[in-house]
Amino acid sequence: MGTTNFDTVDADSFVGNVTGNVTGVVTGGVTPATIADPGNAGAIPVSASGRVAIVSAGAETRTLAVPTIIGQRLLIYMKTDGGDCVITVAAAINATGNNTITLNDAGDAIELVAVESGANLRWVVGFNSGATLSTV
């Protein structure tokens, strides 16, 4: 007769279970933190990653400073279109040198990602859906 040892763990089964659980969490996605829209002529906070739902009540502006940490991400989108929102960024966000984002319509969205450029941090465009980019 054999004995059963309850202190022994089947490593293959354990890894399989952990992999399944981790995969389920990752595929479910992560909701980015909410960053409040600062309103007309306000500065979008850059202290953490997150999403900013822009609500405009007419032609409005916002500003965006350089990022604070490498890999930081900002999803900026127009939730309510009461007029265009022009966001002036402190440094260029693409190779063309664009530093201005205009959200024209509800649903326009842009994701910015923080990267190192020499000794400085700057935003680069992760994706753009409908936002107009220009240089001021």
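**Salt bridges**

A: In this predicted model, Glu-60 and Arg-62 are joined through their side chains by a salt bridge, with an N to O distance of 3.0 Å, and both Glu-60 and Arg-62 are buried. Arg-62 also forms a salt bridge with Asp-37, where the closest N and O atoms are 2.7 Å apart. Because Arg-62 belongs to strand 3 (residues 60–64), while Asp-37 sits in the loop between helix 1 (11–28) and strand 1 (42–44), this pair ties together parts that are 25 residues apart in sequence. Arg-62 has a relative accessibility of 1% and therefore counts as buried, whereas Asp-37, with a relative accessible area of 22%, is partly exposed. Taken together, Asp-37, Glu-60 and Arg-62 are linked in a network of salt bridges.

A further salt bridge is formed by Glu-111 and Arg-73, whose closest N and O atoms are 3.1 Å apart. This pair links distant parts of the chain, since Glu-111 is in strand 7 (residues 109–117) and Arg-73 is in strand 4 (residues 73–80), 38 residues apart. Glu-111 counts as buried because its relative accessibility of 18% falls under the 20% cut-off, while Arg-73 is partly exposed, with a relative accessible area of 41%. A search of the whole structure finds three salt bridges. As a general point, side chains of opposite charge can pair when their charged atoms come close.

Conventions:
Residues are numbered from 1 along each chain as its sequence is written. This is a predicted model: local features need pLDDT of at least 70, side-chain atom pairs count only at pLDDT 80 or more; totals for chains, interfaces and linings use all residues. Side-chain values use heavy atoms; hydrogens and water are left out. A salt bridge is a side-chain nitrogen of Lys or Arg within 4 Å of a carboxyl oxygen of Asp or Glu. Helices (H or I, at least four residues) and strands (E, at least two) are DSSP runs, numbered from the N terminus. Buried means under 20% relative accessible area, exposed over 50%, partly exposed in between (1.4 Å probe, protein chains only).
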